[in-house]
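Hi,

Here is the structure I promised to pass on.

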Amino acid sequence: MKITIQDTEHLHEAARAFLAATEGKGTCFAFYAPMGAGKTTFIKAVCEELGVTDVITSPTFAIVNEYTDGEGQPIYHFDFYRIKRQEELLDMGADEYFYSGCKCFMEWPELVEDALPDDVVKVSITVEPDGSRVVEV
């Protein structure tokens, strides 16, 4: 499945399409994209579509941020950019998050590939020459 985002005005429309297309496919989503491609921006739109009213920011320094969706359920947003060793994930209890049944959105998953759940949904975001983004599941 591919979703093209022409500009930020169409971001929430794309987030709704993403949620519809991934319904029932899992709870852990690994976002692969280069720096500046819009991983955090897209995850923010997806969270807002899920009813999150918390301030949504990149968890670059915290590694994980927790939000609450519109039904009172937790959503976990990870940024593994600063992870240097897989053991760091064990130390933070990542498995408890991954297997909680709650939605987990992960940035920079390629840095912790071996620790990801087997059923993780892989999502790529590419930047097109015209500046649009293509989200592919």
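To start with H1: how far does this helix reach from its first C-alpha to its last? The span is 16 Å for twelve residues, close to the 16 Å expected at 1.5 Å a residue. Bear in mind as you read on that this is a predicted model.

Which residues of H1 are buried? They are Leu-11, Ala-14, Ala-15, Phe-18, Leu-19 and Thr-22. Looking down the axis of H1, you'll see these buried residues fall within an arc of 140°, so they line one face of the helix. Once H1 ends, Gly-24 follows, with a positive phi near 80°.

The packing of H1 against H2 is worth a look too. H1 covers residues 11–22 and H2 covers residues 39–49; their axes are 9 Å apart and the packing angle is about 70°. That angle makes H1 roughly perpendicular to H2, because anything from 65 to 115 degrees counts as such. On the H1 side, the contact is made by Leu-11, His-12, Ala-14, Ala-15, Arg-16, Phe-18 and Leu-19. H2 brings Thr-41, Phe-42, Ala-45, Val-46, Glu-48 and Glu-49. Sorted by class, that contact holds eight nonpolar, two polar and three charged residues.

Ile-63 is not a glycine, yet its phi is positive, at about 75°. You'll find Ile-63 in the loop between H2 and strand S3 (64–68). Is Ile-63 buried or exposed? Its relative accessible area is 14%, and the cut-off for buried is under 20%, so Ile-63 counts as buried.

Trp-108 is another residue other than glycine with a positive phi, in this case near 60°. Trp-108 sits in the loop between strand S5 (103–107) and S6. With a relative accessibility of 13%, Trp-108 is buried.

Last, take a look at Gly-131, in the loop between S6 and S7. Gly-131 is partly exposed, its relative accessible area being 35%. How many residues separate Gly-131 and Ile-5 in sequence? The answer is 126, while in space the two are 9.2 Å apart, C-alpha to C-alpha.

Cheers

Technical notes: Residues numbered from 1 in each chain as written. Predicted model: local features only at pLDDT ≥ 70, side-chain atom pairs only at ≥ 80, totals over all residues. Heavy atoms only, no water. Axes fitted to C-alpha atoms, helices over the stretch in contact; angles between N-to-C directions. Helix = DSSP H or I, 4+ residues; strand = E, 2+ residues; numbered from the N terminus. Parallel < 35°, antiparallel > 145°, perpendicular 65-115°, else oblique. Contact = heavy atoms within 4.5 Å. Nonpolar A, V, L, I, M, F, W, Y, C, P; charged D, E, K, R; others polar. Expected span 1.5 Å × (residues − 1). Buried < 20%, exposed > 50% of the residue type's maximum accessible area, 1.4 Å probe, protein only. Arc of directions from axis to C-beta.
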